Amino acid sequence: MYLSKNLFRNKLLLYSISALLSFPFHSCAYDSSDDNYIDIKKPDGNVNISIDLAGVNPSQTIYLYQYAYFYYTVNSGGKNVIAQKFYLDGKELNTNPQKDGTYLSTGITDNQIHDLKLIMGLQTGTGSLAEYAGYEMYVGELNFKVKFVSNPDVNMNIRESVDENNYYKIEWDKPKEYDVECYKVYNGDYMSDNLIATINNPEQTYYVDKDYVYGYKFYSICAILKNGQQVSLTDRFTARHFNITENNFKTERISTSEMKIKWTNPNPYPCKYVLKYLFGNEIKVIESTNETIIPVDNFPTSSDSYAFYILPINADTTQYQLYPYIIKSFSDNLFNDINYGADQANNLLLGLDFDNLIKYNASDFSIQSTVKHNLTLHTGCKVKASNKGLVAISDLNNYIHIYSDNTLSKEIFFTNTQGNYFYLNNANHLFIEQYTGFDLFNIASGNKICSKRWTSGNTINDINVKTRISANGKYIYALCTEYLPEKHWTELYELQSDNTLRLIQTQINANIKSIEFNPIKDSEAIIQYKDNKFAIVDLSTGSTTTIDGTFQNIDPFTGNLLYKGPEYANSQYNVYVLASDYKTLYMKIPLANINPYADARLYNNNLIFNGYYLNLAKLTK
Amino acid sequence: MKKNIITTLLLLFTMGVNAQYKISYSVGYGTYKMKDMKDLLEYGFQSMRSSMPKGLAIVDNFPPYITHTIDASIKRNNNEFGLRGSFLTTGGKIAYSDYSGKYIEKLTFTGYRLGTLYRIYTDESKLGKCTLSFFGEVSPAIMFTHLGYKATLDIYEQNIHQEGSDNISTNATGFSIQPMFGGKLDVARNISVSASLGYDFELGSKLSTTDNRYRADWSGFRLNGGVIYSF
């Protein structure tokens, strides 16, 4: 106890001495009264503040979107704005003011007028400590009346019509309960800013678009509200139009190198057209008419394409690419048949496809009717008709079926041709060429009434014979070829009434390639020579007309003669049509370089080549 | 403890046969190197310049300041042994004030230097009726340093007073050795006046609140003048 009392006394003594020594010293610790006073001028009283609301009058009710950027700039007389607060109906809004305004998110959709207050602090510019600390500023207050637009998209009942001049007209209803300043019409969405019209009269609720004539066009109609920062109500509309389709075009070849295009436009709007053709190298402007003539490739063409632009009547035609267009192509008329033959008795052209016999009107090749043939065919099968109206069709197995007429309702004869040439003559005989001769059948009786085979004296070789019979069955030509040694000759026979043959002419060493008879002149034969010439021979008189070129056929309807010119062999693919007098050139037709070695045919002045046909009577040049 | 004190006093009295006991107080002027602290103050100043008025300045940058020293010693012949305690202080200050308010940021250093003293005298001579002698001394000691920090902002019109958070104030301990030279003039039988000049070498005193990267360097010249009472 004694010890602890002394220990306490000693500690107290030590602490007392330490305190006595350190306290006066501590009170002598470093201090400085230099507070670095800077003598600067206090700010003066007031500052003038004005505001620019991007063209909006701040003293009138301002239209704003419920979620919108509120554009404004403060004129503070050179003082920096250091604080801004917005109050709507007395309640502070959460804003983040920027240099040109602030985003106001009110969510108000009541269409009522509200009080918007802006309180701002401006820098005094004294540079004082209080200013740096944000406690010294000029304070200004601005008050506005605002009305909020809940949704910029409204239904303005947009509709379309035409004006008194048939121009496209778009109409709408004025938005209710809003004070409209003007209307803006945009091509496309208004965001694209492709403004096409501003209508400053709010009572004019229509717009006539002379630039709309065809195709897709999308309009945005914006009703700009009065005293709003580009606050608008928008509705959208897509113009409707009638499509110009295949049925609105009619094209025809009017010469060997030109085509005529006619069209109808189902839309009433005044317009003009630009045609771009020849692979886009040529254009043609068409105004005040709905037809034109443009160049076309030689017959036959399968795809001469052209672009058909539809332009407003006042459009700059050099800018035609900016307008809607339709791609079209011209093609010469095409048969889709395996084979075809003239039915002179019924003034028809018969077409044969895999299922049907098609009867074309010989004058314009329009389909008159079709009849199912129930035969199995291949692409080499033939159809032929006599001028008595009998119809013969060869089938897949080389059987030839002969019907009493083109209804195919009565088959009167059939036989196998072994795939050889056959011909129905006007005497109701069926002529079938054989390798070394021919057979002639009486169709009515089914009997073979005449037959001949050529045999060589040399038993090793056959004599190859090409035979043809005249339309009336009176004359039979045989073009004979024997090899080792090679010999060529022709023999002309006359069929006697007892069906025997009388040799009436033989020609040795004939330079003949082929012989055909005129289908409508019984005594006329056409002899094609190997040296690119042919002769038309009247067998009764012996008169001969020789022409340079390659004989194609004699039109069984008109008697006109079709041949390939001598230049054809030199890749100038011209064919000629001579009138039935074989002297008058009816027409020269340059052919397109499409399978040029195919045969050309003429039926009722329709040129047929590679499946395409062309009515020569309709060519004006 | 009491036993130790009694033992020490007996030893001193034993030595004190023919010895002279002295107590002295001297006041002086000290310079302080404080390089790290000057750097720290400059860094703080540069950091706040952009957000403060243009007149902001370092008004004090650890200037020389008053020192106080008390010695208790025994002199025998020309040798003197004793204890020494000194008080040192300096500081740095960043300040700005104007009509609207005042901003002060201040670092205050106080140091308590506690150590021993050995002094050796030259032969005495006469200066008029007084006795004059010269001496050289050395004093090793432990330096207890306290760093105080204070930052205040006052905005007058709004009656705003703010104080900055203090995460700087701390204590530190270092070592010091102080050689000095001086003279003593006996002006009465028991009263002498003295004057001395020397340099204080400081080691350690790293400040924990600076992650021990900065230290309080009290090193500097010392100039003292004092009164000695002998009995």
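Strand β38 of chain A, residues 475-482, is mostly covered: eight of its eight residues are buried. Buried here means under 20% relative accessible area, with exposed over 50% and partly exposed in between (1.4 Å probe, protein chains only). Strands (E, at least two residues) and helices (H or I, at least four) are DSSP runs, numbered from the N terminus. This is a predicted model, in which local features need pLDDT of at least 70, side-chain atom pairs count only at pLDDT 80 or more, and totals for chains, interfaces and linings use all residues. Residues are numbered from 1 along each chain as its sequence is written, chains are lettered from A and ligands numbered from 1 in the order in which they are written, and side-chain values use heavy atoms, with hydrogens and water left out.

A:Y475, A:Y477, A:L479 and A:T481 point one way. A:I476, A:A478, A:C480 and A:E482 point the other way. All of them are buried.

Now the neighbours. Two strands pair if DSSP finds at least two bridges between them. β37(A), residues 463-469, runs antiparallel to β38(A) over seven bridges. A:T467 has A:A478 as its bridge partner in β38(A). Five residues lie between these two strands in their hairpin, and A:G473 in the turn has a positive phi of about 80 degrees. β39(A), residues 487-495, is also antiparallel to β38(A), joined by eight bridges. Here A:A478 has A:E491 as its bridge partner. This hairpin has four residues between the strands, and A:L484 takes a positive phi near 55 degrees.

Contact means heavy atoms within 4.5 Å. Among contacts in chain A between residues at least 6 apart in sequence, 51% join residues at least 24 apart.

Chain B comes next. In the interface, 41 residues of chain B are in contact with 30 residues of chain A. The two chains bury about 2900 Å² between them, 62% of it on carbon and sulfur atoms. That area is the accessible area (1.4 Å probe) that two parts lose on being put together, summed over both. Three salt bridges are counted between the chains. A salt bridge is a side-chain nitrogen of Lys or Arg within 4 Å of a carboxyl oxygen of Asp or Glu. B:K93 forms a salt bridge with A:D35, their closest N and O atoms being 3.2 Å apart. Several strands of chain B each supply at least two residues of the side that touches chain A, among them β4 (79-97) and β5 (101-121).
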